[in-house]
Amino acid sequence: MSTSESAATARTISGCRPADVDPVIVDGTDLESTAPEYLRDLKRDLSEQGLQPATLAVDACFAEDCSLQTQQEADRLRSHVRAAAFLGAGRIEITVDEVAEPAKVEPALAALAERASREGVALSVAGDADLELSA
């Protein structure tokens, strides 16, 4: 990020003012879909209730030592990153329940973190103690 971008961001932030909304954590299991049509309706309904999605919380499981299943789970998580960005959530929190092979999962999560960054969403990973997310 260049210095002028940082100054522009700081200027924008300094002009912020409080809004009459309550930040909420949306649980990924409560989403019926990550399709834009569904998310658009959800975002509108939340807004009408004075709620703003701040975080999307998602559980992940990489229990199989299988590259194909690791990719499928990474793809599912990627759809949730897009959902978080679409909803206007600034963060996605992924809780990893089980990891069979960290060497296969860590690159997938690193790619997911890069995608989240491009979407303007902060990504955090918690759970399995043997898993490292390199930034």
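Glu93 has Ser124, a residue of strand E4, as its bridge partner. The structure described here is a predicted model. The pairing to which this bridge belongs joins strand E3, residues 91-99, to strand E4, residues 122-127; the two strands run in the parallel sense, and 6 bridges connect them. Together with helix H4, which spans residues 102-119, strands E3 and E4 form a β-α-β unit that is right-handed.

Leu112 is a residue of helix H4. Its relative accessibility is 3%, so Leu112 is classed as buried, the cut-off being under 20% relative accessible area. When neighbours within four places in sequence are set aside, the contacts of Leu112 are Ala74, Leu77, Arg78, Val81, Ile94 and Leu123. For one of these residues, Leu77, the C-alpha atom is 7.7 Å from that of Leu112, although 35 residues separate the pair along the chain.

His80 belongs to helix H3, which covers residues 67-87. With a relative accessible area of 6%, His80 is also buried. A polar atom of the His80 side chain is placed 3.0 Å from the backbone oxygen of Arg76. Once residues up to four places away in sequence are excluded, His80 touches Gly28, Leu31, Thr34, Leu56, Val58 and Ile92.

Methods:
Residues numbered from 1 in each chain as written. Predicted model: local features only at pLDDT ≥ 70, side-chain atom pairs only at ≥ 80, totals over all residues. Heavy atoms only, no water. Pairing = 2+ DSSP bridges. Helix = DSSP H or I, 4+ residues; strand = E, 2+ residues; numbered from the N terminus. Right-handed = clockwise from strand over helix to strand, strands pointing away. Buried < 20%, exposed > 50% of the residue type's maximum accessible area, 1.4 Å probe, protein only. Contact = heavy atoms within 4.5 Å. Polar contact = N/O pair within 3.5 Å; in protein donor to acceptor, adjacent residues only side chain to side chain.
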